[in-house]
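Okay, thanks for coming, everyone.

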Amino acid sequence: MPKSTPEEPSLAPELLAKYEPVIGLEVHVQLLTRTKIFCGCSTRFGDPPNTNVCPVCLGLPGTLPVLNKRAVEMAMRASLALNCTVHEHSRFARKNYFYPDLPKGYQISQYELPLATGGWLEVEVANAKKLIGITRLHLEEDAAKNLHEGFSQSATKAYIDYNRCGTPLSEIVSEPDLRTPEQAYAYLTTLRQILLYTGVSDCNMEEGSLRCDANVSVRLRGSKEFGTKVEVKNLNSFRFLQKALEYEIERHIAVLESGGRISQETRLWNQAESQTISMRSKEKAHDYRYFPEPDLLPVHVSAAWRDEVLRTLPELPEVKRARFVSTFGITPYDAEVLTNTQALADYFESVAKAGAPGKAAANWMQTELLRGLKESGKEIDASPVLPAALAELVKLVESAKITGAVAKKVFATMFESGRTAAEIVAAEGLGAQVGDSDIEQAALEIIAKEPGNVAKFRAGNEGVFKFFVGRVMKATRGQANPQAVNDILRKLLSETK
Ligand SMILES: [Zn+2]
């Protein structure tokens with residue numbers, strides 16, 4: 001990661017080692033529902049501003065919210081996938097604050113009785129695994145979006161798009177269990193993968209479907225008490241999260257070391273300047289004057305409903321990785337790459353089920369297939385080579401019908417044309433590797449033509465051997481088994497008098 005500016009404080013390693021960072025993350029994730037949480041307006045992203053609005057989400061007097069059952073279900077899926085307890089009774093509350101992006105003057109959220117609590121997820125950094133506690137997961141509505149740019153009078157006026165107002169969110173709050181920016185990065189990556197696997201959210205950070213705030217403090221290593229924490233907002237990429245935390249940890253240590261005190265506040269990450277900037281003093285819960293939402297009934301989740309949601313959860317990434325390693329004999333690294341997305345994992349499993357050996361399938365996917373997809377800008381679901389077709393190619397190589405070198409060329413043609421390996425091999429006469437007698441004949445002809453080089457080899461010049469291998473491979477159009485060429489050449493060169 002490039003160091004982007006000179007402003008970053010850079011402390012001596014001894015000072016950094018003296019303190020222990022304590023980090024907790026609050027993640028807001030937009031739930032994948034078609035309609036908003038308390039009205040029937042569409043949640044579609046990118047529609048013209050203020051076209052998906054109604055009296056309810058505009059907060060007009062006399063309107064009443066109606067809870068979207070699908071939003072509760074999505075939040076339950078996330079809760080169960082994160083090992084949380086989904087409570088039989090939870091309740092909505094009003095969080096009062098006055099901003100133009102919140103037309104009612106309050107946000108409907110959950111406070112004292114959240115939907116779910118007490119979960120965890122496992123992160124892995126530098127081969128060390130760690131459980132990170134999840135304090136709570138609750139439901140709430142999103143605010144509207146302030147648009148500060150792109151309009152004729154943007155210099156003097158603020159514009160607001162209420163399309164996003166009332167979009168269903170889950171807020172997922174971690175315990176302050178994270179100790180390094182790398183762990184925070186890993187937590188967010190793992191969380192995002194689980195939310196994608198379960199179909200809870202598209203987790204698109206550019207569109208604001210996944211947003212992250214961090215609470216960070218430092219304390220002397222060995223101390224049990226927490227230091228004063230600061231909330232950092234505006235971390236709208238994984239890279240920003242890590243950089244902001246690195247910056248903030250060093251800032252805290254520098255302030256404490258110079259005898260100063262950290263003030264409890266909210267800061268914003270400013271990417272252009274690579275630093276955090278004070279935004280406001282941190283609100284406390286009483287600033288929001290929370291009280292139970294009188295317009296909505298408490299949420300009741302029966303055991304039957306919870307079990308039904310639990311049954312529909314897919315196999316989660318961690319379990320899938322372990323199964324891939326034990327079932328298909330691939331390495332943990334292969335499994336990590338191949339379970340990156342559900343689609344990639346499904347593809348691999350289909351290739352293996354179509355008869356390709358796991359390790360060979362994993363190798364082909366991680367080299368030729370992923371490279372081809374990347375170069376053509378395609379997603380795995382749009383791969384011109386289907387799993388069964390890749391399996392057929394892998395089997396041709398494994399049964400020594402074609403060489404690895406030929407198979408790569410065949411794959412490239414498959415990727416371009418969508419034809420099968422068998423078709424290409426037959427049409428281009430690539431099939432049936434050259435037999436030993438053909439190799440021997442080609443080798444003898446070349447040896448006869450190169451007495452000088454034969455003499456060099458016999459005099460102990462090993463480098464000349466490669467020259468002979470190259471000539472024989474060329475003579476057999478790259479279709480000979482390289483090991484056979486090596487063996488036969490060595491035998492002939494040593495024998496010939
Ligand atoms: Zn509406």
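So, the lining of the second largest pocket splits into ten nonpolar, seven polar and eight charged residues (Ala, Val, Leu, Ile, Met, Phe, Trp, Tyr, Cys and Pro count as nonpolar, Asp, Glu, Lys and Arg as charged, the others, Gly among them, as polar). Quick caveats: this is a predicted model, local features need pLDDT of at least 70, side-chain atom pairs need 80 or more, and totals for chains, interfaces and linings use all residues. Numbering runs from 1 along each chain as its sequence is written, and side-chain values use heavy atoms, with hydrogens and water left out.

Back to that pocket: there's about 760 Å³ of space in it. Of its 25 lining residues, E124, T190, Q193, R321 and E336 sit closest to the centre. Which helix gives the most to the lining? That's α3, with eight residues. At least two residues each come from β6 (116-125), α3 (181-197), α6 (317-328) and α7 (332-338).

Now the zinc ion. Its protein donors (N, O and S atoms within 2.8 Å of the metal, or 3.2 Å for Na, K and Ca) are the SG atoms of C39, C41, C54 and C57, 2.3 to 2.4 Å away. In sequence, the spacing reads C-x1-C-x12-C-x2-C. The four donor atoms make angles of 100 to 114 degrees, and the site is tetrahedral (four donors, all angles between 85 and 135 degrees). For reference, the ideal tetrahedral angle is 109.5 degrees.

How values were computed. Tetrahedral: all angles 85-135°; square planar, octahedral: opposite > 155°, others 65-115°. 1 Å grid on protein atoms, 1.4 Å probe; cavity = no way out; pocket = protein on both sides within 12 Å on 5 of 7 lines; lining within 4 Å. Points joined across faces, edges and corners; volume = space filled by probe spheres on them. Helix = DSSP H or I, 4+ residues; strand = E, 2+ residues; numbered from the N terminus.
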